Amino acid sequence: MFREISRLIMYANLGEDSILMRMGNIFEQLERKGGSAGREELERELYGQVYRLLELSTHYGFDNNLWKCYIAYILATNENPFSIICETVGASADGSVNTIVRQDMESFYHLYHYDFSRVEKELPVPCFSILTHYHSMAKAENTYNKSVSVKVRQLAEQLEQAEGPDDVFDIVTEFYKRYGVGKFGLNKAFRVVHRGEEMSLSPITHTSDVTLDHLIGYDIQKQKLIENTEAFVEGRKANNCLLYGDSGTGKSTCIKAILNSYYDRGLRLIEVYKHQFRDLSEIIEQVKNRNYKFIIYMDDLSFEEFEIEYKYLKAVIEGGLEVKPDNVLIYATSNRRHLIRETWSDRSDMSQDELHRSDTMQEKLSLVARFGVAIHFGRPEKKEFEQIVLGLAEQNPDITLSGEELLAQANAWSIRNGGYSGRVAEQFMIHLKSIAR
């Protein structure tokens, strides 16, 4: 194993603390020492790496042969100059880099088919048989990273059919071209995480599977958002979008559904909160050269008059020296049309506190102007609310009430729970399913 690992060139950036590197070092020491000297220490170290492999497998829902899944995981997630280029244009027909990578793929071919039986004879450790024939406990999809799990297991199954290193090269490069590589290739959505002074984009491992069909009504609003997103994904000019209007009308649902609709075409979403606007420039720096389209998503966006975070947003959207890259758009939702709270003093031409209140008001309103598309989501009237209820009932076959009884109960529910809105209708559906026999 150590020999195969030491021959890696393009994929040598795994890090000395990676499971593969640590296990390779253990097996090298085992060959060098011979006899029984230091066996207990090596055994403890080996158990530690097996535990890490089990942890990784639990996090990603791997099953059966965990070792082969781990090798596939390395290939799917390792970001290096070759894999990043492949996600854009695929493998080139020739070039020196192919020779280097083919050597690496030969190593991975042997690592994938590594025979642990010899090591088990040297070390009385039965864990290798467990790792290669592992049956995990059944677990809910929201307890592990399903997006990565499905793709890695698919890659592992394809590698099982490879007859040699050349097949591994073809399988892996085709995987990069289809799905991409690393966290941006294998995940739909991300959040901003700070560890000390370092900012990173961490995958959101469980996202809503809602589609636009789940949102009843608002056809004009959905079409506007689809047209803008379609242009963005296809590489044409597109606008930043502001979805504004009454609460519970489906603004956030629309954006989540758009992500699900265009994920397979390279769309990714980064959720950013107001207090993280200082990080916007760094976020864009991390994603601007990747072969994906990124929507920076700001939910329930609004500012009080004493808050100044909106200045960072204005500079990023339009106004800073660095031009916002073509693979980044900003989609925001808000209950306010103008985002920043206005006061009557803002509308006064003169004030004892400030002589130029009109300039201040124009500065606040200029933020909205930086969103090229503004889509209004209004609270539905009673008839529209009833259409939403009936549409949701059709999507839920467990609900067997007659139309008349369903609407009677829905209207009574709306009176008690905040009036007419899509959110209230959805909550009513949940209530009916919770009491269904």
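Which residue in β7 is the bridge partner of Y244?

Reply: This is a predicted model. The bridge partner of Y244 in β7 is H376. Strand β3 covers residues 241-245, and β3 and β7 are joined by five bridges. The two strands pair in the parallel sense.

Now place them in the sheet. The sheet is open and has seven strands. Read across, the order is β2-β1-β4-β5-β6-β3-β7. The pairing is mixed. Look at the two ends of that order. β2 and β7 (373-377) are the edge strands, and each has a single partner strand, so one side of each has no neighbour in the sheet. From one strand to the next, the twist averages 25°.

A helix packs on this sheet. Helix α14 spans residues 280-287. It touches β1, β2, β4 (267-271), β5 (293-298) and β6 (328-334). The direction of α14 makes about 65° with that of β2.

Strand β1 (residues 189-195) runs antiparallel to β2, and seven bridges join them. Together β1 and β2 make a hairpin, with two residues between the strands. G196 sits in that turn, and its phi is positive, about 70°.

Is β2 largely enclosed or left open by the rest of the structure? Buried here means under 20% relative accessible area. Strand β2 covers residues 198-204, and five of its seven residues are buried, so the rest of the structure largely encloses it. Keep two points apart. β2 is an edge strand with a single partner, so one of its sides lacks a neighbour in the sheet. Yet most of the strand counts as buried, with five residues out of seven.

For contrast, turn to a helix. Helix α9 runs over residues 146-160 and has 15 residues. From first C-alpha to last it reaches 21 Å, close to the 21 Å expected at 1.5 Å a residue. Its buried residues are S147, V148, S149, K151, V152, L155, A156 and L159. An α-helix has 3.6 residues a turn, so residues three or four places apart point the same way. Check that idea against V148, K151 and L155, which are among the buried residues of α9. The cover over the buried residues of α9 includes α3 (39-60), α4 (66-77), α6 (96-112), α10 (165-179) and α11 (182-186).

Note on methods: Residues numbered from 1 in each chain as written. Predicted model: local features only at pLDDT ≥ 70, side-chain atom pairs only at ≥ 80, totals over all residues. Heavy atoms only, no water. Helix = DSSP H or I, 4+ residues; strand = E, 2+ residues; numbered from the N terminus. Expected span 1.5 Å × (residues − 1). Buried < 20%, exposed > 50% of the residue type's maximum accessible area, 1.4 Å probe, protein only. Contact = heavy atoms within 4.5 Å. Pairing = 2+ DSSP bridges. Axes fitted to C-alpha atoms, helices over the stretch in contact; angles between N-to-C directions.
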